[in-house]
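User: I would like to learn how to read a few local features in a model. Can we take them one by one?

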Amino acid sequence: MKVLGFILTLFIAASAFGRLSDGKATFTVKDGKIVGAIQKGFHFNKEAPAAFVMKGAEIAPLVKEESQLIFAMPAKENEPFELGFYVCDDKKTVCEEHKITYMLSAGKLKSASEVKKADLAKPEVKASTGKVHKNHHGFIENDLEAAKVLAAKSKKNLLVDYGAPWCPACVRLETEVFGTKAFKSVTKDFVLVALNADMTVNKSFGKQYNIKAIPTVLILKPDGTELYRALDFAPADVYAQRIKDAKKNLQPAADLEKLAQAGDQKAIETLAENAYNALDMESSVKWYRQIDSQSDRFASAETSMAAKKARADKKTDEYFAILKKWADLKPQSFTGVTATNEWAEFLQNEKKELPADLKERLKANCEFLQNLTKSKADTVKWVAAWDVSPMAPVERAEALSMWKTSAEALGQKEEVVKIQKELQEEVRSLKLSEKRPGEVMATLYYFRQAGLPEIEESWLLKLEKADPHSYVPHMKLANYYVRNKAYEKALPQAKLAVELGEDLRLHNLQTLAEIQKELKQKDEAKKTIEIALAHPEVKEERFKEVLKSLEQLKKDL
């Protein structure tokens with residue numbers, strides 16, 4: 001008992017005069033990173049949690065070793081952030097948690113003692129005082145609660161943009177729509193909010209509104225009640241008109257359902273479109289069927305639902321019947337051609353013979369598309385009539401790809417070669433610009449379709465040069481080089497994606513580890529995997545496949 005009493009006395013005394021590990025770790029900025037060093041006789045606990053925390057987002061360290069911790073630099077200066085870690089003494093008598101507040105100023109770290117209390121207390125967005133942080137388009141960034149307070153105070157509805165910087169359609173909205181007069185005019189009576197879908201602080205919003213795809217734009221009451229939902233990009237004038245039309249009759253789903261039950265056709269159509277934009281295909285089909293619609297969105301929803309059921313039940317009769325229905329209802333339309341091609345591709349994947357009826361449909365489509373694509377203007381008009389998703393500037397490239405698919409299904413090898421040459425000429429003629437990065441990203445697929453990987457690479461390098469501090473072009477370049485098995489080129493890009501990316505860090509760490517494995521860098525790959533497995537989000541349901549892949553990769557090494 002005397003020994004225990006003595007130990008307790010020492011513990012109490014130590015608590016009174018400070019902890020054994022206080023002041024043993026120091027952090028500085030070096031080579032564009034935050035580097036932590038530890039005094040002799042102590043070490044960082046690499047088995048314990050460590051994170052960079054800023055505005056609710058937790059980011060695992062780039063390097064987590066007993067001798068050092070390395071974190072990515074924050075994206076912005078003069079904003080407080082917290083570094084959390086554990087320090088142990090080498091004798092292993094103590095292992096204590098540390099949380100230190102820093103701020104980056106003029107490229108140097110300021111510790112908590114140097115940061116003014118006012119700076120720490122002041123949040124980035126504070127609606128009660130009217131001091132809100134807005135981006136250059138006037139959207140409050142990543143602070144929905146502050147925006148709600150402001151909306152209630154000003155008696156306005158909210159317009160919430162939920163997207164991510166790697167998403168082509170999201171970037172197109174940002175660079176081609178939100179800054180236009182048409183959009184600003186129709187949204188001047190809203191409180192505008194931009195939420196990054198990859199930030200931890202915004203994940204609950206995506207779950208609350210069951211958002212399955214981005215970009216999703218919502219109109220909400222100040223209390224959060226949903227009034228309208230839009231999915232995907234559209235040109236500025238089209239997008240502005242959609243918002244303008246929606247504003248004429250903004251109603252919660254519950255009110256619309258009451259009207260729908262009473263037979264209101266407009267309410268039924270609105271519910272069908274809203275369900276489609278939420279990717280709730282079952283509800284969308286239910287509502288569309290009540291008004292006997294021939295909408296392209298109805299066709300998309302019905303074929304999508306039938307395809308899902310066919311994969312689950314291993315029965316294709318209903319799926320083929322739906323495809324045949326839309327090919328008959330809308331022949332030589334974008335929807336009709338797509339339905340016929342989808343039917344043929346499914347059978348080919350199953351290694352089954354195409355029926356005579358389907359072959360005749362494919363021949364008719366080939367003849368139609370061959371004539372259509374002779375005129376770019378006619379092709380643009382034809383694609384624009386499809387009301388699911390706009391495709392500018394790749395309308396003709398898409399029509400040529402559809403023609404190629406039909407010709408391949410018929411085994412027309414010479415025709416396929418001819419179409420491929422036309423497709424290459426078409427994508428080479430596209431007038432793209434780094435000032436419209438979302439448009440470039442959306443077009444990369446067609447460079448691959450045309451068999452022109454060198455053009456895809458050149459545009460990715462242009463995007464990297466235009467925005468070198470964003471993780472997005474580095475991530476896309478790394479993935480491009482991996483697809484082409486150029487792992488030496490992929491490695492530095494993957495490292496930059498990890499260092500610069502506060503978002504998608506787990507995916508980028510996974511890519512980096514896979515590249516290191518291919519390059520026989522076994523020890524480096526193990527370190528990368530450990531960093532990924534220490535990430536606070538790794539066990540979330542949405543990262544289940546990433547975790548599974550990382551654990552398998554660890555076993556393989």
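Analyst: Start with how elements are named. Helices are DSSP runs of H or I with at least four residues, numbered from the N terminus. The model here is predicted.

User: Where does P393 lie?

Analyst: P393 sits in the loop between α15 (376-384) and α16 (395-409). The peptide bond joining A392 and P393 is cis, with omega about 5°. Another cis bond runs from I214 to P215, where omega is near 0°. P215 is in the loop between α6 (203-208) and β14 (216-220).

User: What is the phi of N210?

Analyst: Near 50°, a positive value in a residue other than glycine. N210 is also placed in the loop between α6 and β14.

User: How do I read a helix pair? At what angle do α20 and α21 cross?

Analyst: Angles over 145 degrees count as roughly antiparallel. The axes of α20 (residues 471-483) and α21 (residues 487-500) cross at roughly 150° and come within 8 Å. Therefore α20 is roughly antiparallel to α21. Their crossing is left-handed. Among the contact residues are Y471 and L477 of α20, and Q493 and L500 of α21. By class, the contact has twelve nonpolar residues, two polar and one charged.

User: And empty space? How many cavities of 30 Å³ or more are found?

Analyst: Rolling a probe the size of a water molecule over the atoms shows where empty space is left. Searching the whole structure gives one cavity of 30 Å³ or more. The largest cavity has a volume of about 30 Å³. Its lining is F52, I59, F71, A72, M73, E502 and R505. That lining divides into five nonpolar, no polar and two charged residues.

How values were computed: Residues are numbered from 1 along each chain as its sequence is written. This is a predicted model: local features need pLDDT of at least 70, side-chain atom pairs count only at pLDDT 80 or more; totals for chains, interfaces and linings use all residues. Side-chain values use heavy atoms; hydrogens and water are left out. Axes are lines fitted to C-alpha atoms, for helices over the stretch in contact, and angles run from 0 to 180 degrees between N-to-C directions. Helices (H or I, at least four residues) and strands (E, at least two) are DSSP runs, numbered from the N terminus. Angles under 35 degrees count as roughly parallel, over 145 as roughly antiparallel, 65 to 115 as roughly perpendicular and the rest as oblique. A crossing is left-handed if the near helix is turned anticlockwise from the far one by less than a right angle, and right-handed if clockwise. Contact means heavy atoms within 4.5 Å. Ala, Val, Leu, Ile, Met, Phe, Trp, Tyr, Cys and Pro count as nonpolar, Asp, Glu, Lys and Arg as charged, and the others, Gly among them, as polar. On a 1 Å grid over the protein atoms alone, a cavity is a set of points where a 1.4 Å probe fits but cannot get out, and a pocket is an open set with protein on both sides within 12 Å along at least five of seven lines; lining residues have an atom within 4 Å of a point. Grid points are joined across faces, edges and corners, and a volume is the space filled by probe spheres set on the points.
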